[in-house]
Amino acid sequence: ALANIRGGSEYGEEWRKNAQLTKRQNAYDDFAACAKYLIDHKYTNPKKLAIRGGSNGGLLMGVQLTQHPELYRAVVAHVGIYDMLRSELHANGAFNVTEFGSVKDPDQFKALYGYSPYHNVKDGVAYPAVFLLTGANDSRVDPSNSLKMAARLQAATASKLPILLQVGGSGHGLDSSLSDRIGEQADVYAFLFK
């Protein structure tokens, strides 16, 4: 299933703007509603539902696993931003301020803190199986996001499911060879099938 959530351009400018800045939570609520729809209509159940996203979708995966860990069995997140309070300090972070907001604005800070995956991991929660993938040389999303998130989840989770981290070379796939991309896909599918 592919979730067309607010924030994309599928339904025009108003649809996109309804998930910007202080309205960002709308996109995350839309995604959770899609998952609940699949469960409520018996297409799947939380023991079988896996989700996957990359970059901005990696952030989406981080939000889902911290806000709705009970909905998912497995989460795969590629090159996601997980610490939304430090995002704008990274090399590419300034370009994201128009989309996500700035910690310098009180209302935007409140919204960022409200969904920042790293800041919303809670001790003792039974988190789903998680596979975070990042690139050591990623120029778009600092790999520290995935390293910090993996460590925090590993320390916090009450489940026996794995929290895994894979650090490759390039990151956003810009310099990945075909064999690297195939290898990554094989790792992701092996994780999901397990």
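Biologist: Which helix holds asparagine 145?
Modeller: This is a predicted model, where local features need pLDDT of at least 70 and side-chain atom pairs count only at pLDDT 80 or more. Residues are numbered from 1 along each chain, and side-chain values use heavy atoms, without hydrogens and water. Helices here are DSSP runs (H or I, at least four residues; strands are E, at least two), numbered from the N terminus. Asparagine 145 falls within residues 144–156, helix α6.

Biologist: Is asparagine 145 buried or exposed?
Modeller: Buried means under 20% relative accessible area, exposed over 50%, partly exposed in between (1.4 Å probe, protein chains only). Asparagine 145 has 5% relative accessibility, so the class is buried.

Biologist: What is asparagine 145 in contact with, leaving aside neighbours within four places in sequence?
Modeller: Contact means heavy atoms within 4.5 Å. With those neighbours set aside, the partners of asparagine 145 are Gly80, Ile81, Tyr82, Asp83 and His90.

Biologist: How many aromatic pairs does a search of the whole structure find?
Modeller: Rings of Phe, Tyr and Trp (its six-membered ring) pair if their centres lie within 6.5 Å; planes under 30 degrees apart are stacked, over 60 edge-to-face, the rest tilted. Across the whole structure the search gives five.

Biologist: Why is the pair of tyrosine 11 and tryptophan 15 edge-to-face?
Modeller: The two ring centres are 5.0 Å apart. The pair is edge-to-face because the planes of tyrosine 11 and tryptophan 15 stand at 75°.

Biologist: Which helix holds phenylalanine 191, paired with phenylalanine 131 in strand β3?
Modeller: The phenylalanine 131 and phenylalanine 191 pair is tilted, at 5.2 Å and 50°. The two residues are 60 residues apart, and phenylalanine 191 lies in helix α7.
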